[in-house]
Amino acid sequence: MQEYVLCCGSTADLTAERLRERNIEYIPFHFSLDGKEYTDDLGKSISYPEFYAAMARGAMTRTSQTNTDEFLQAFTPWLEEGRDVVYVSLSSGISGTYNAALLAARTLKEKFPQRNVYIVDSLGASSGYGLLMEELADLRDNGMGAEELARRAAQMRLFVHHWFFSTDLTYYVRGGRISRAMGWFGTVLRICPLLNMDNLGRLIPRRKVRTKPRVIQEIARTMCEHAQGGTAYSGRCYISHADCLQDALAVREQVEERIPALRGKVQIFDIGTTIGAHTGPGTVALFFLGDERKD
């Protein structure tokens with residue numbers, strides 16, 4: 001048994017198999033689809049194609065974050081086993097999960113004074129958050145202890161880049177991520193805004209790019225600009241998508257052509273139900289290690 005548990009939320013958008021292989025635990029969020037409640041269990045209760053098809057038909061979605069009681073229930077058995085916990089949360093810029101986990105950790109410190117629960121804000125989301133978890137799993141597997149790993153996570157998080165675009169702006173407008181005017185003009189003029197996650201973990205529109213083929217080229221060019229080593233980048237690269245695999249494959253082709261020294265092939269994952277409830281179908285996101293996010 002390992003001396004501590006490395007844990008994330010379901011919103012890291014890795015597969016259950018990948019998390020199991022890397023010995024990373026996850027604590028689920030929750031969502032509803034036309035009033036029916038689900039646990040975000042990485043596509044087990046409802047498949048991702050089913051989920052996005054329902055959204056495309058107009059189904060209403062709502063999400064709820066992991067609350068403090070759920071964190072208490074999840075952390076307690078590990079502490080009773082004598083293991084510490086390193087929990088990395090979804091970005092505090094888009095969710096209150098970080099604060100809920102902090103409250104649980106403070107409560108449990110009174111009950112288990114010899115144990116530690118380290119809570120780290122990833123300032124990330126989806127498979128960018130997942131990429132950070134994989135980097136941390138590497139460090140753990142190489143012998144890094146829990147306290148040092150938590151410090152390293154806080155140092156690394158702003159070097160994980162999140163760039164994304166969508167061909168359907170409906171849910172970005174509904175969630176207030178972009179203005180109604182931008183959404184209307186974007187639809188009429190076939191504009192695909194290029195967004196990223198800033199240094200506070202918030203989603204920020206950065207550029208207006210006309211047509212999908214151009215934004216696919218632009219997101220790959222942006223990676224070349226910001227990746228560690230530029231076109232000589234040799235680290236991980238992940239893509240996640242919301243029911244638009246062909247667009248994700250097109251981005252992968254552009255990235256692998258421009259950056260041939262990647263650590264293996266670009267990995268493609270589904271945007272899960274919690275994040276997808278806010279993006280809707282049509283989003284493609286690109287993640288890699290780059291220069292420090294400063295704004």
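Author: Let us begin with two residues of this predicted model: phenylalanine 71 is buried, and tyrosine 87 is buried as well.

Reader: What kind of aromatic pair do phenylalanine 71 and tyrosine 87 form?

Author: An aromatic pair is read from the distance between ring centres and the angle between ring planes, with planes over 60 degrees apart counting as edge-to-face. Phenylalanine 71 and tyrosine 87 lie 4.9 Å centre to centre with 70° between the planes, and the pair is therefore edge-to-face. The pair links distant parts of the chain, since phenylalanine 71 sits in helix H3 and tyrosine 87 in strand S6, 16 residues apart.

Reader: How many aromatic pairs does the structure hold?

Author: The structure holds eight aromatic pairs. One of them joins phenylalanine 31 and phenylalanine 51, whose ring centres are 5.4 Å apart and whose planes meet at 80°, so this pair is edge-to-face. Phenylalanine 31 belongs to strand S3 (residues 30-33) and phenylalanine 51 to helix H2 (residues 48-56), so the pair ties together parts 20 residues apart in sequence. Ring pairs also link Phe31, Tyr38, Phe51 and Tyr52 into a cluster.

Reader: Returning to helix H3, which of its residues are buried, and what do they pack against?

Author: The buried residues of H3 are Thr68, Phe71, Ala74, Phe75, Thr76, Trp78 and Leu79. They pack against strand S1 (4-9), strand S2 (25-27), strand S6 (84-89), helix H4 (97-111) and strand S7 (117-121).

Reader: Which residues have the most contacts inside the largest nonpolar core?

Author: In soluble globular proteins, nonpolar side chains tend to be buried together. Here the largest nonpolar core has 96 residues, and those with the most contacts inside it are Phe75, Tyr87, Leu136 and Met223. Helix H5 (residues 126-141) gives the most to this core, with seven residues. Setting aside residues up to four places away in sequence, phenylalanine 75 touches Ile27, Val85, Tyr87, Ala101, Ala104, Leu108, Val117 and Ile119.

Note on methods. Residues numbered from 1 in each chain as written. Heavy atoms only, no water. Core = buried A, V, L, I, M, F, W, Y, C linked by side-chain atoms within 4.5 Å. Buried < 20%, exposed > 50% of the residue type's maximum accessible area, 1.4 Å probe, protein only. Helix = DSSP H or I, 4+ residues; strand = E, 2+ residues; numbered from the N terminus. Contact = heavy atoms within 4.5 Å. Phe/Tyr/Trp six-rings, centres within 6.5 Å; stacked < 30°, edge-to-face > 60°.
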